Amino acid sequence: MTTWIPASCTLPTTEQPLRVAEFDALFAERLAGTSRPDRLRLEMLLTGGQGVEENIRDLVARESGCCSFFTFTVHPGPEHIRLDIEVDDAHEAVLDALQARASTAAAGRDVP
């Protein structure tokens, strides 16, 4: 499986498992569904709640800081938050791997 942490990521290697764990927890706790309207764009529907939008915004801002090829857009709603994730052509496989990891985490299975 392709990792969603590409070599171009500037997050220190020792911090990468912590960031991955943050995303896994978000997916396991909040992911209600995904769709792929375009090969370079993934939409995630996340359940809302107290402080959830702020936590998502913080997480994606930090991720953008080390993986600048990601473009995250947060669309808050009354019950759900839609998180759009876009990448360039060179990182399509990373988006594929992120989607697979999110689905695995949301299903409650151990994530490799």
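In the predicted model, G33 stands opposite L45 of strand β2. The strand β2 spans residues 41-47, and its partner is β1. The two strands pair in the antiparallel sense over five bridges. A hairpin of two residues joins β1 to β2.

This pair belongs to an open sheet of four strands. The strand order is β1-β2-β4-β3, and the pairing is antiparallel. Two strands form the edges: β1, residues 31-38, and β3, residues 71-76. Each edge strand pairs on one side only. Neighbouring strands of the sheet are turned against each other by 20° on average, direction ignored. In a regular strand, side chains alternate between the two faces of the sheet.

Helices contact this sheet. Helix α3, residues 92-106, lies across β1, β2 and β4.

Helix α1 covers residues 16-30, and helix α2 covers residues 52-66. Their axes come within 11 Å and cross at roughly 145°. The crossing of α1 past α2 is left-handed. On the α1 side, the contact is made by R19, E22, F23, L26 and R30. On the α2 side, the residues are V52, I56, L59, R62, E63 and C66. Six of the contact residues are nonpolar and five are charged. No polar residue takes part in the contact of α1 with α2.

The cysteines were examined next. C66, one of the α2 residues in contact with α1, has a relative accessible area of 6%. C66 is therefore buried, as its value falls under the 20% limit. C67 has a relative accessible area of 1%. C67 is likewise buried, because this value is also under 20%. The disulfide count for the model is zero. No pair of cysteine sulfur atoms thus lies within 2.5 Å.

Taken together, the model holds a four-stranded open sheet with antiparallel pairing.

Conventions. Residues numbered from 1 in each chain as written. Predicted model: local features only at pLDDT ≥ 70, side-chain atom pairs only at ≥ 80, totals over all residues. Heavy atoms only, no water. Axes fitted to C-alpha atoms, helices over the stretch in contact; angles between N-to-C directions. Left-handed = near helix turned anticlockwise from the far one by under 90°. Contact = heavy atoms within 4.5 Å. Nonpolar A, V, L, I, M, F, W, Y, C, P; charged D, E, K, R; others polar. Pairing = 2+ DSSP bridges. Buried < 20%, exposed > 50% of the residue type's maximum accessible area, 1.4 Å probe, protein only.
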